[in-house]
Amino acid sequence: MSQAPVVELIDVTRSFPGPPEVQALKGVNLAIDRGDYLSIVGPSGSGKSTLLNVLGLLDRPTVGEYRLGGVLTAALDEEARAGLRARTIGFVFQAFHLLPRRTVLDNVLLATLYSGVPRRERMPRAKAALDRVGLAHRMDFLPTTLSGGERQRVAVARAVMASPELILADEPTGNLDQQTSGEVMDLFEELNADGLSLVVITHDQHVADRARRSIRIADGRVSEL
Amino acid sequence: MTRSILRRFRRRAATEGDGSATDDSATERDGSASEGDGAVTDGDASVTDGARDAAALPAVARADRFTNQDLLVEVSHGIGGHTGRLVMTTLGTVLGIASLVVTIGFAQTAAGQISRQFDAVAATQAVVKPETANSGGDEVATSTLPWDSPARVERLNGVERAGLIGEVPIGELQITAVPINDPSAPEVLSPTLLATSPGLLDAVRGEVRAGRYFDDGHDSRADRVAVIGVRAAEKLGINRVDSQPSIFIGERPYTVIGIVDGMERRPDLLDSVILPLGTARADFGLRSASELQLRIDAGAGPLVAKQAPIALDPNAPENFDVQAPRSGSSLQESVQADINVVFLILGVIALLAGGLGIANVTLLSVSERTGEIGLRRALGATSRQIARQFMVESVVIGLLGGLIGAAVGVFAVVVVALVQQWTPIIDLPMVFGAAVLGAVVGLGAGAYPARKASRIEPIAALRAGV
Ligand SMILES: Nc1ncnc2c1ncn2[C@@H]1O[C@H](COP(=O)(O)OP(=O)(O)O)[C@@H](O)[C@H]1O
Ligand SMILES: [Mg+2]
């Protein structure tokens, strides 16, 4: 297998046309290798989420190049980007983003709908993933009946369902207390130990310090720590 | 790469899991994963030059894509959430479709009603009877039909043929085929005795089975001849008339000259022995005829109803009661005009309101579920898949409204028809068409919200939270 980085940003700028025009990312260069564990810190409004959206193919750079798994993403149309997103990237959000009226199991299965996971594998995979995050006994619960930590673990189970290469987490512990945030980070690190590349945005210095590599964004500019 | 990572993840999950079932599925999945690995590695070789596109990912089997079935499952969850809101949303469509079905159903029922009144016989037959008054509990005729009534009314426009009928009272007398009064013979129900003018056969569309009907000569000479209905002939054991058989009324013989059939308007004639009026007056003292049957031209009903009593007695036309078919077209028009104007407009208005209602609620649902849209996009849904989801939700709501509306409409038509003692006539394809029309309304209503949903940027949508 080639050792090309999973993610490669070359001089990426993302500006939101104003007025006033805001340059949320300014000439960012970043490479993330397979199996990397990266934390991103920075003050509010510094461009962390914008960076994550670009990495997750939810947003396009205004200027610059983004290669995901070696693929030059600028050339891809919306459908191809959606397909690539479904199959190579798993998202975890601060607000969990679980559908409140669907069971825990349904929420996890949702990630298989658009990603082409073979149908007969879906149920066993979902059960294994929930088992993995220690929520096999909560399968038929609604997310609204779970604690914050449990909800985020469901979201983690969902993120790995389509067997992605890269997990992108935007302040995954932002709504959790110290103890549960530690548990969720343990889970992430197990996945990372399995070989998934992991990018975690965080405000929490404890969380940031756990990563092998940490970068800081200030006013759209990236610096290694 | 991806798959090997996953495989490791799964393997751990499987070994940590306590169920043997998990173990089984893990082994099975390992098999398919190693196949995949080969394909991915092939792709990787061509990656390095940067020219690789998304096609380097192994193609997804059609069955594993987001199928229509998946779509319907998601839609049913999307709709199923708010039962109360769903009811309110479908209400407009239900009312609209119901009133359309009622409109068309009533029009069809009324048309059926009219065409039945208008079937060939009923539309060309009229009856004139003397007016009756109630005197001491008995119905007493206040006038008599003149003996020359047929000639009087046949002069009128629209009357083709006319004939008088009178019931002849025979008291204790028996009608038999043989004169011997055998007390040991079983009592047979005697046929009734009627007297008619010669033209009656034509006036009531009778047919001669055998022999002939009597004519004016028999009538004026008061000849002792008789014609018998087919059923009476059977009872009396007479099936041929060429041998000039006789029947006996009391002990007086009458020559049977014909056997008659048909006469749907007076089927009792088939069970009767029929004499010429003149004969009945001479032999039995018949004082008057009880009704005048007329065969008229189609559509001549109202005219005949007006003119016949005057022709019968210009001084006291009110003493006759005429039953003539009403003018069909005016009835039909008035019935249909009422329904068409009122219900059709109501139906269209309700349907428009229903469409707007669906559009509104779908729009509301789109903005409420912005976070869900963002999540689905993050999970790999394309904007087209998002649009389809809201579109189909709207169509399903419309179809639901259409189905309920069609059922309500059919029910209303049936109930009203039964109360009016009409035969409800409802075209089944029309009912299904109406239900489908509900879906079409949903389709129209969903177009704008679906477009809006598909245009929401995923990054904006994700900020909204679920
Ligand atoms: N859709 C947008 N339109 C305009 N400006 C935006 C948009 N998204 C983000 N920004 C701006 O870009 C900057 C970086 O935002 P963001 O990446 O969300 O920051 P962080 O996640 O680090 O708090 C902010 O100044 C924000 O106001
Ligand atoms: Mg942010």
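How many nonpolar, polar and charged residues does the lining of the largest pocket have?

Author: The model is predicted, so to speak of local features requires pLDDT of at least 70 and side-chain atom pairs count only at pLDDT 80 or more, while totals for chains, interfaces and linings use all residues. Residues are numbered from 1 along each chain as written, chains are lettered from A and ligands numbered from 1 in written order, and side-chain values use heavy atoms, without hydrogens or water.

The lining of the largest pocket has 11 nonpolar, eight polar and seven charged residues. Nonpolar covers Ala, Val, Leu, Ile, Met, Phe, Trp, Tyr, Cys and Pro, charged covers Asp, Glu, Lys and Arg, and the others, including Gly, are polar. The volume of this pocket is about 670 Å³. In total 26 residues line the pocket, and those closest to its centre are A:Glu79, A:Gly83, A:Tyr114, B:Arg65 and B:Gln385. A pocket is an open set of points on a 1 Å grid where a 1.4 Å probe fits, with protein on both sides within 12 Å along at least five of seven lines; lining residues have an atom within 4 Å of a point. The volume is the space filled by probe spheres set on the points, which are joined across faces, edges and corners.

Both chains contribute helices to the lining: α2 (78-88) of chain A and α14 (383-419) of chain B each supply at least two residues. The largest share, five residues, comes from α2(A). Helices (H or I, at least four residues) and strands (E, at least two) are DSSP runs, numbered from the N terminus.

Now the ligand. Ligand 1 lies between chains A and B. Its shell (a heavy atom within 4 Å) includes A:Phe16, A:Val22, A:Ala24 and A:Pro43, the run from A:Ser44 to A:Thr50, and, from chain B, B:Arg463. By class, this shell has four nonpolar, six polar and two charged residues. Strand β2 (22-32) and helix α1 (48-55) of chain A each supply at least two of the shell residues, and the largest share, three residues, comes from α1(A).

Polar contacts (N or O pairs within 3.5 Å) can be listed by residue. A polar backbone atom of A:Gly45 is 2.7 Å from an oxygen atom of ligand 1. For A:Ser46, a backbone N or O atom lies 3.3 Å from a ligand oxygen. A:Ser49 uses its side chain instead, with an N or O atom 2.8 Å from an oxygen of ligand 1. Taken alone, ligand 1 exposes 560 Å², and the protein buries 65% of that (Shrake-Rupley areas, 1.4 Å probe).

Note on methods:
A polar contact is a pair of N or O atoms within 3.5 Å; within protein, one must be able to donate a hydrogen and the other to accept it, and residues adjacent in sequence count only if both atoms are side-chain atoms.
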